[in-house]
Amino acid sequence: MEVVHRGGVIRRLREELPVGWQVTALGVVATVVAVLAPAFVLTFGLFLWARRQGWPSSRMRNLTLTLLAAWLFGAVMQLWQVGWPETLRVLTEAFRLLLSGHVDWANTVGVLAVVEVPIAAVAAWVVLRRQEVRMMQSTQPRRAMRWQQRTNKNRRNAALRRARQEITPMSRLSGLVVLAQQYREEKPREQLTLEYLRARHPVYLGVTDEELNRHITLTGQTGAGKTELLKRLTGGWTEARWRTYGQKSSQGVSGSPDGRATGGAASPRPLTIFVDAKGGEQSTDLAFEWADTMEAIGLAPERVGVFPFQDGLNMWALPPAQLVETIHELAKTEHRFYDTLQRGLLRLVLEAPNVRPPANSVEFLRRIDPQQLRKAWDGHPGRLAQLQQMAQSGTLATDLILLDDLFGTLGHDFDAQRSIQDFDALFVSLPGTEKNRVAAAKARLLVELLKFELTHGARREVLFVFDEWSAVSEHVDVLQLLQTARSLGGRVVLSAQSYATLGSSEQEVNRILSVMGGGHLVMAGNQVEEWAKLAGTRFRAEVGAHLEGESHVGEGTLRMQSQFTVSPDELRQLPERDVVRIKSGVVQFGTVVKLDATKRLPSKAIHRHPWRQITTAGPVSSWWRLGEERRELVQRMVPQLTAGPSKDEG
Ligand SMILES: Nc1ncnc2c1ncn2[C@@H]1O[C@H](COP(=O)(O)OP(=O)(O)OP(=O)(O)O)[C@@H](O)[C@H]1O
Ligand SMILES: [Mg+2]
């Protein structure tokens, strides 16, 4: 029956076909296969490939449009080259051969596949979009969840593949500082049709300079990869800023962020400061590793500083009034004993009128000399009386010894070494958490120094990164720091182990977060509820199905419910090395790629910059000589000072 019928079709075809065409049963089957097979293979190939990449349908649509455009171009070129009649002839000839059972698979199927590309691309897009919509509105929640999980997993795998296959850039021309390969983005709102049509699919997760300008936080448990991320952040920001360094802003001085430069509207030189508050033995390794990285990306080696292991700073650049407070503070924290150090003495020495302030510790100690001080303060009876009283009580020698000891323990950290203006990148290691009070005092001095040098010298664009911020958070007023940073042209990045350790109290954490407007970076950790709350909620459909036994009876309810945009559980399950960025309710997921100096040539933006190497001033004095001179000075002066009062009395 069937055979007769098929024979009938073929006979009828034979009658209708033009002269010279032959039809066989095999030919018909071959034709159907040759036409359908490429279409199916292409459609499902594209579909499966998109699934493997975890692409959203909007991305598939972009590919489809690109393919269509390329195909159209090819088709037009083809028609233009060989003409319409010839093209038609080739196609008819292919079908004639197919129907007669002479299948030239390579040519015929190849040509048909090329012809069918647009159909397949559109079909793949439609299939993907249909699946997406079905899963979003699914009444089978578990299936939809599995689909979502698989999509996310595929996307992450694709990101990991990208991370392996390409050298992830440090920054983009748009100014984006690249932190990670992005694999997922959750938005608090539904996508509007126009947004779907215009959707772009960024592959890099990053922050822009404007966002950094409003400060950001980074939290994650030990080993999550915070320090690596910060390395990438500093490298990327440095590169991005060097691209604009020296460029004139098109806007006036007032309107543009770069216009804060002294008078002109040229973008100031970037300065990156990496503060490691954790200290400890690893700090040295980290310090030199970071410095190496900064040199590898192109900064001049003499302009990369490592404090205090290699380079010291110069606290004597501070104005006298500030120096009084600073030295008093430092002395107090070193030993309880120093509490007795007289502030009065410091003021007498440092604020002496008509005398150049001391330039280093030796000059400072040398001036603890009643005779010199008396001369300097001539005409200030109040101060002279104070001096007289000190000299008589015989504490000057003790104070001298205390101060000498203080400068000894400080080493060359702050004693007449280099100016912050000398550096393009500066690593600052604060002593370990076990010596919190010292760390905090040094941190404060550092902040004072930065504040002063950056407001009184050439304008700089500064990025402050505080790794393990929690170690000093109790002792440094962060809000003041942030406000100061703003006025210094600075951005601040605070890193801590968790939400709670960002500040010393809950109120302080809240206050800190209210200022950090640039977004929050979250890495693997357990204390993530607060971040999920901060990311906010969005409306999602909740499906309730009426069941009879196990099966769905076709009735149900659907209601809108507000849900976390990213649930705490998802954050808790975050793999190490992955980062989540939370900003204005949008949550982005990415996997961090370690900055590998061996796989990256120096950044052209920095390396070829005409002002890369500007001569540095270098250290003001050599610290080992200072130490020696101090020793001699103390040996000479202590007997004099102790002898002094008795001579006056006698
Ligand atoms: N993206 C990455 N790719 C490969 N290795 C990484 C990556 N990020 C971090 N690591 C490695 O993981 C280890 C821990 O990373 P890191 O020191 O950055 O963590 P951390 O969060 O700063 O930890 P801690 O709180 O102890 O300072 C390091 O050995 C580092 O080399
Ligand atoms: Mg770390």
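Guide: Begin with pairing: two strands pair if DSSP finds at least two bridges between them. Helices (H or I, at least four residues) and strands (E, at least two) are DSSP runs, numbered from the N terminus. The model is predicted, so local features need pLDDT of at least 70 and side-chain atom pairs count only at pLDDT 80 or more, while totals for chains, interfaces and linings use all residues. Residues are numbered from 1 along each chain as its sequence is written, and chains are lettered from A and ligands numbered from 1 in the order in which they are written.

Visitor: How many residues lie between strand 12 and strand 13?

Guide: These two strands form a hairpin with 2 residues between them. As background, most residues other than glycine have a negative phi, and most peptide bonds are trans. Ser584, in the loop between strand 12 and strand 13, has a phi near 45°, a positive value in a residue other than glycine.

Visitor: Is strand 13 mostly covered or uncovered?

Guide: A residue is buried if 20 or more other C-beta atoms lie within 10 Å of its own, exposed if 12 or fewer, and partly exposed in between, with C-beta atoms placed from the backbone. By that criterion strand 13 (residues 586–592) is mostly covered, with 6 of its 7 residues buried. Ser584 is exposed, because its count is 10 other C-beta atoms within 10 Å.

Visitor: In what order do the strands of the open sheet run?

Guide: In a regular strand the side chains alternate between the two faces of the sheet. The sheet here is open and consists of 11 strands in the order 2-1-13-12-9-3-8-7-4-6-5, with mixed pairing. Its edges are strand 2 (204–207) and strand 5 (304–307), each of which pairs on one side only. Neighbouring strands are turned by 25° against each other on average, direction ignored. The parallel sense is represented by strand 4 (residues 269–276) and strand 7 (residues 460–467), which pair over 8 bridges; Val275 has Phe466 as its bridge partner in strand 7.

Visitor: Which residues does the cis peptide bond join?

Guide: The cis bond joins Phe307 and Pro308, with omega at about 0°. Pro308 belongs to the loop between strand 5 and helix 11 (320–334).

Visitor: At what angle do the axes of helix 2 and helix 5 cross?

Guide: Two packed helices are described by the angle between their axes and the distance between the axes. Axes are lines fitted to C-alpha atoms, for helices over the stretch in contact, and angles run from 0 to 180 degrees between N-to-C directions. Helix 2 (residues 25–53) and helix 5 (residues 105–136) have axes that come within 7 Å and cross at roughly 45°. Helix 2 is therefore oblique to helix 5 (angles under 35 degrees count as roughly parallel, over 145 as roughly antiparallel, 65 to 115 as roughly perpendicular and the rest as oblique). By class, their contact has 19 nonpolar, 2 polar and 1 charged residues. In this classification Ala, Val, Leu, Ile, Met, Phe, Trp, Tyr, Cys and Pro count as nonpolar, Asp, Glu, Lys and Arg as charged, and the others, Gly among them, as polar.

Visitor: Which residues surround ligand 1?

Guide: A residue is near a molecule or strand if its C-beta atom, placed from the backbone, lies within 6 Å of it. The residues around ligand 1 include Gly220, Thr222, Lys226, Thr227, Arg577, Val592 and Lys594. By class, this shell has 3 nonpolar, 5 polar and 4 charged residues. Helix 9 (residues 226–244) gives the most to the shell, with 3 residues.

Visitor: Where is Arg577 found, and why does Arg577 count as buried?

Guide: Arg577 is found in the loop between helix 22 (568–572) and strand 12. Arg577 counts as buried because 21 C-beta neighbours lie inside 10 Å. The phi of Arg577 is near 80°, a positive value in a residue other than glycine.
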